[in-house]
Amino acid sequence: MRSPGRLRIVGVNHVQFALDQEHQRFYVIKNSPYFDRIASFVEVATGYPVATVCGHLYAGQLLRNIKLGPNYSRHLALTEPVMDRTAVRLPTFPIESLPGQCWELQTEKQSVGSVIGIGRSFLEAIIKGTAAYYTPTNEQIIKAIATFSDDRLDERLIHPRPHRLLTLLEALARGYSSDELTELTKIDRYYFDQLKRGTDLARRLNENQGSLDILREAKYWGLSDDQIARSWAISPQKVADLREENQLHRVYKEVDPSAGEFDEHPHRFYATFETENESDATAGPRALIVGDGPRKLWGTVPLTITCWR
């Protein structure tokens, strides 16, 4: 019998698995022994300092001897991260930059970037991620998908293309069940059950314009002022004013690798609408960093750093 192979890797190693649901078998489809975008995403989502730990390992240190400073517990490098939040990474595609290309998604990578949503639940995280989808180009795509016949929509569900999430949401809005979508897409029904909660929320938001209760619920699940304003056909400033009048303020939760079990402070936060705030405003100078976002394929916008007291 052939003995199993071994990978002698020091540092980060990104492994992707595929599940054959019919036979309940897992297959390794990717093995990347270098720091890539997925490794960066893991660091953002977990609060575990992947890059720093890898740097120490490359320098010849052992995991048990790595010290990460006063912001982390003593043996963090040996500790598996624990999350009290959910992170979702959504790909972005340069459709507007490459017109005419065949965009059917198969094994070849076609995305050029991604957006990340972090929240207390999968629904909150994915709603935050989809906020970046509302661009003039994507608005046209949403309107186009809404005109699809059921047969064409089925074809898109079976043979995915960029912005697949928008197609799934359209199917849910038309009354497709979670079981039907699972059969067509081979995606676990859990995700359709969660997305269905999101489409139900969007429907109730449309039907209850100006309702404080629905506003509170929408903010809890991650809808932005701009998304709510679009649904109510008012300005985002009016939504913000309504929030302020009713003391609906965002708080900031720290993205730490132990979910609060240990005294660790990576000083990385995400915004949510709950009660407890875990951030303290600094008394010193602050900086706002503005870049060009994930959608640029060619050319860049100069990075702007604005400081104020």
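**Salt bridges and nonpolar cores**

Reader: What is the relative accessibility of glutamate 274, and is the residue buried or exposed, or in between?

Author: Buried means under 20% relative accessible area and exposed over 50%, with partly exposed in between (1.4 Å probe, protein chains only). This is a predicted model, in which local features need pLDDT of at least 70 and side-chain atom pairs count only at pLDDT 80 or more, while totals for chains, interfaces and linings use all residues. Residues are numbered from 1 along each chain as its sequence is written, and side-chain values use heavy atoms, with hydrogens and water left out. Glutamate 274 therefore counts as partly exposed, its relative accessibility being 25%.

Reader: With which residue does glutamate 274 form a salt bridge?

Author: A salt bridge requires a side-chain nitrogen of Lys or Arg within 4 Å of a carboxyl oxygen of Asp or Glu. The closest N and O atoms of this pair are 3.8 Å apart, and the partner of glutamate 274 is lysine 253.

Reader: How many residues apart in sequence are the parts that this pair ties together?

Author: Helices (H or I, at least four residues) and strands (E, at least two) are DSSP runs, numbered from the N terminus. Lysine 253 belongs to strand β5 (residues 251-254), whereas glutamate 274 lies in the loop between β6 (269-272) and β7 (286-290), so the separation is 21 residues.

Reader: Is aspartate 225 buried or exposed?

Author: Aspartate 225 forms a salt bridge with lysine 219, with the closest N and O atoms 2.9 Å apart. Lysine 219 is buried, and aspartate 225 is likewise buried.

Reader: Which residues does leucine 205 touch, leaving aside those up to four places away in sequence?

Author: A nonpolar core is a set of buried Ala, Val, Leu, Ile, Met, Phe, Trp, Tyr and Cys residues joined through side-chain atoms within 4.5 Å. Leu205 is one of the residues touching the most other members of the largest such core, which has 33 residues. With contact meaning heavy atoms within 4.5 Å, leucine 205 touches Ile214, Ala218, Leu223, Ile228, Ser231 and Trp232.
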